[in-house]
Amino acid sequence: MSVMQINISFQLLDIKMTKLNSKYLKSSPDNKVVYLSGASFNSIAKSRSEIQKLKNLINKNNKVIIFKNVVEKNIIKTIEKNRNRILKSKPFFFKTYLGSDDLYIFNKENKKSHVKGYFKKIELYPWNKKNKKTYNSLKKIINLKCKMDSLSFNLQKKMSFFDKKKFIKLQLNHYPFKKGFLNKHIDGIHKKILVLHIGMNNKLHKNIKGGLIFHFNDKKINIDKYLGLGDVAIFNPIVPHEVTPPDTRDGRWSLLVSSGYFGKTKGTKLQSKQLN
């Protein structure tokens, strides 16, 4: 599939001309991936009506929205430095609870996993003070996530992003060269959510084969062909998706802004279901 962009048809979206759709840039040839300018991110994020229209595009029209050049490169570099520091430690699995340390695991096709895969995962939690700067640097993206999912937290402190029932989490995933994968699955089976995915690839590879694949009925879309460094993709993870083995030497890194929900006992409620 070519990444050559074409003008989007507003009739196809079946919505009136508004501030939101007047800021459309281009769409992918399949009309499932829609680009918006990075400049429009802030204005849309401040408007409830525009956020609702954005949600309708994602949930009702099955679109993946990509805002271009939202996160500055220096912020990405700082996150990468912290990531590399964590990677020097030994992976260890535990059930997440309020107050727990950040999680770092290496899933090598663990049979106990609800969704089978081969990947490294780091989860940075908002209650850990060492993550305060990272959360603060991404606050405009996290705030949009909270607005889109109608999340509010029962704590007096600003930017706490957690309470006794739920929390925002920053999730870094690495899929090694030719080995990494995550089977086809859906997310949001306990609580419907939207995921904000921050691009960490230095440049786009139009001929890339592996990556994040969405299944829109009989159509497969590789999001990694469109998501560049600092771009923000927003999608509904109830759309079936998978990660196929990357063909780039450094493998595939992703940074997700997602959310979790605490269970009655230690650990979080299951949100994912494998489809094959």
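A residue is taken as exposed when its relative accessible area is over 50% and as buried when that area is under 20%. In the predicted model described here, K178, at 60% relative accessibility, therefore counts as exposed. K178 is placed in the loop between β6 and β7 (181-187), and its phi is near 65°, a positive value in a residue other than glycine. Most residues other than glycine have a negative phi. F161, which lies in the loop between α6 and β6, likewise is not a glycine and has a positive phi, of about 55°; F161, however, counts as buried because its relative accessibility is 5%.

A further loop residue, V239, is found between β11 (232-235) and β12 (241-244), and its relative accessibility of 11% is the reason why V239 counts as buried. Although V239 and I186 are 53 residues apart in sequence, their C-alpha atoms are 6.2 Å apart in space. When neighbours within four places in sequence are left aside, the contacts of V239 comprise N62, H185, I186, F214, H215 and F216.

Helix α4 comprises 15 residues (73-87), which at 1.5 Å a residue should span 21 Å, and the separation of 21 Å between its end C-alpha atoms agrees with this expectation. The residues I75, I76, I79, R83 and I86 of α4 are buried; viewed down the axis of α4, the buried residues fall within an arc of 95°, so they line one face of the helix. An α-helix has 3.6 residues a turn, so residues three or four places apart point the same way. K73, K77 and K81, on the other side of α4, are exposed. The buried residues of α4 pack against the strands β4 (103-108), β5 (117-124), β6 (166-175), β8 (195-198) and β13 (252-261), as well as against α5 (132-137).

The largest nonpolar core contains 66 residues, of which L138 and I141 touch the most other members. Neighbours within four places in sequence being left aside, L138 is in contact with V71, I75, I79, L170, I198 and L255.

Helix packing was examined for α3 (residues 48-59) and α6 (residues 139-148), which pack at an angle of about 75° with their axes 10 Å apart. Because angles of 65 to 115 degrees count as roughly perpendicular, α3 is roughly perpendicular to α6. The contact is made by I51, L54, K55 and I58 on the side of α3, and by L144, K147 and M148 on the side of α6.

Conventions: Residues numbered from 1 in each chain as written. Predicted model: local features only at pLDDT ≥ 70, side-chain atom pairs only at ≥ 80, totals over all residues. Heavy atoms only, no water. Helix = DSSP H or I, 4+ residues; strand = E, 2+ residues; numbered from the N terminus. Expected span 1.5 Å × (residues − 1). Buried < 20%, exposed > 50% of the residue type's maximum accessible area, 1.4 Å probe, protein only. Arc of directions from axis to C-beta. Contact = heavy atoms within 4.5 Å. Core = buried A, V, L, I, M, F, W, Y, C linked by side-chain atoms within 4.5 Å. Axes fitted to C-alpha atoms, helices over the stretch in contact; angles between N-to-C directions. Parallel < 35°, antiparallel > 145°, perpendicular 65-115°, else oblique.
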